[in-house]
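Colleague: Please show me how to read a model like this one, feature by feature.

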Amino acid sequence: MQTLVICIDRDNDLGEKAKRTTPIVGREANIEAATTLGIADPEDSDTNTIFGGIRVLDELRAKGIDAEIVSFAGDRNVGVISDQKIAEQLENFLATHEVKGAVFVSDGAEDETLIPIVQSRIKIDSVKRIVVMQSENLESTYYILKHAFSDPKISQTFFVPVGLAFLIYAIFLLARYPEGAVVGILAAVGMYMLYRGFGLDDTLALQKERLGEAFKHQRLIFVSYTAALLTGVVATAHGAAEVWGLYSESGIWYHGTLTLISVFINASVWWYAGAFLLADCGKMFDLRMAGKPTQKTISISLFIIATGLLFWGASTYLLTEASLTTGFPKDASLALQYFVYSVIAAILIALAGIKVSLGNPDSGEEKKARGRGKKRKEAA
């Protein structure tokens, strides 16, 4: 095959609305899928993308070029999950078909973010964007806002922080403490912005899907991750209780912000480390049962212990310097020795983790992937 016409449906409208499984290969199959999607949702732009790809296919075949069309769909959780599914479908298709080049067909900038992923696996000769012409009435402000807010991606970004702010304000009014509403709203909205800004929504969606698969296949990782999550909640509650006890005794201005942070870290660091180790133990067990190497997981566990030692040693020294002698060394020099010993121990444990990681053999899947990559280079 000389040219492959690729149509991308990143948010899986073909699966969600048209109930079609991708990849969809061939002219007739794509016409049928686009027609079904158009009937299910006449306003979906992916219908026009597929029809645009069919037109490109017809033009190539009219010139005597050996071409075929294929449509790939991702997942409703647009981001890491959807991109991984499209990449996997493309790799499976290319493993069974010899293709020299591709024409990438999309309906906008969102789908075109997949170009680097596709281009890393096949040479892209051209990019075709399908733009739908609309009348002025359809482009009215009401229509644009109505359809924008009906999109889950936009509505979640806009309505969640606004609704969260209203809910927090109502709770503080019921508690007859309206002064604290501003602090609560700013903290909640700030945490939500950091959550979205760091892309944690994609990470959590990916972990949710993995846990769902682990639950279906009765893997230990589901139980260990659940235990780790509950341990993390206990760690946060324990650290917050220690901080609140110190704060209510004398106030933040007496002890200082750094001291309160050190109290939280010192009280909860090993709880958090235990939570991560629980998650790694479940993963290690499942890898062992599947006959896969566990060196990488062991290395991560050692790094978690090393990091816990560093935070514990530093917080112990800071709290001793702050004259909080309850539960801490009374002598600052002794606390400094604790910190130095914890740093040395953390370095030794980290080096052991590096040594274990370097001894990690390639898995069978990695070898197969490298073999496929070599074959493609030789064919090119």
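Colleague: Leaving aside neighbours within four places in sequence, which residues is Phe 303 in contact with?

Modeller: Contact means heavy atoms within 4.5 Å. By that reading Phe 303 meets Ala 350, Gly 353 and Ile 354, once neighbours within four places in sequence are set aside. Phe 303 itself sits in helix α14 (residues 295-321); helices (H or I, at least four residues) and strands (E, at least two) are DSSP runs, numbered from the N terminus. Before we go on, this is a predicted model, in which local features need pLDDT of at least 70 and side-chain atom pairs count only at pLDDT 80 or more, while totals for chains, interfaces and linings use all residues. Residues are numbered from 1 along each chain as its sequence is written, and side-chain values use heavy atoms, with hydrogens and water left out.

Colleague: How far apart are Phe 303 and Ala 346, in sequence and in space?

Modeller: In sequence, 43 residues separate Phe 303 from Ala 346, yet their C-alpha atoms are 8.1 Å apart. For the protein as a whole, take the contacts with a separation of 6 or more: 65% of them join residues 24 or more positions apart.

Colleague: Is Phe 303 exposed, partly exposed or buried?

Modeller: The scale runs like this: buried means under 20% relative accessible area, exposed over 50%, and partly exposed in between (1.4 Å probe, protein chains only). Phe 303 has 35% relative accessibility, so it counts as partly exposed. The protein has 380 residues, and buried ones make up 33% of them. Its fold is built from 16 helices and 5 strands.

Colleague: In the largest nonpolar core, which residues touch the most other members?

Modeller: A nonpolar core is a set of buried Ala, Val, Leu, Ile, Met, Phe, Trp, Tyr and Cys residues joined through side-chain atoms within 4.5 Å. The largest one here has 18 residues, and those touching the most other members are Val 5, Leu 14, Leu 60, Ile 69 and Val 105. Two or more residues each come from β1 (3-9), α2 (27-40), α3 (45-62), β3 (67-73) and β4 (101-106). With 5 residues, α3 gives the most to this core. Take Leu 60: not counting residues up to four places away in sequence, Leu 60 touches Thr 3, Val 5, Ile 65, Ala 67 and Val 103. Another core lies apart from this one, with 17 residues that include Ala 102, Phe 104, Leu 114 and Ile 115.

Colleague: Now for charges. How many salt bridges does the structure hold?

Modeller: Side chains of opposite charge can pair when their charged atoms come close. A salt bridge is a side-chain nitrogen of Lys or Arg within 4 Å of a carboxyl oxygen of Asp or Glu, and the structure holds 12 of them. In one, the closest N and O atoms of Arg 55 and Glu 59 are 3.5 Å apart. Both residues belong to helix α3 and are 4 residues apart, about one turn of the helix. Arg 55 is exposed at 59% relative accessibility, whereas Glu 59 is partly exposed at 41%.

Colleague: Where do Asp 75 and Lys 85 lie?

Modeller: Asp 75 and Lys 85 form a salt bridge too, with their closest N and O atoms 2.6 Å apart. This pair links distant parts of the chain: Asp 75 is in the loop between β3 and α4 (80-96), and Lys 85, 10 residues apart from it, is in helix α4. Asp 75 counts as buried at 11% relative accessibility, while Lys 85 is partly exposed at 28%. There is also a network of salt bridges that links Asp 13, Lys 17 and Asp 41.

Colleague: Which side chain of opposite charge is nearest to Asp 286?

Modeller: For this, Lys and Arg count as positive and Asp and Glu as negative; His and the chain ends are not counted. The nearest to Asp 286 is Arg 219, 5.6 Å away, and Asp 286 is buried yet has no salt bridge. Asp 286 belongs to helix α13 (residues 257-289). Its side chain reaches the backbone nitrogen of Leu 220 at 3.2 Å. Beyond its neighbours within four places in sequence, Asp 286 is in contact with Arg 219, Leu 220 and Ile 221.

Colleague: And how many disulfides are there?

Modeller: A disulfide is a covalent bond between the sulfur atoms of two cysteines. The rule here asks for a pair of cysteine sulfur atoms within 2.5 Å, and the count comes to 0. Among the cysteines, Cys 7 is buried at 2% relative accessible area, and Cys 281 is partly exposed at 46%.

Methods
Polar contact = N/O pair within 3.5 Å; in protein donor to acceptor, adjacent residues only side chain to side chain.
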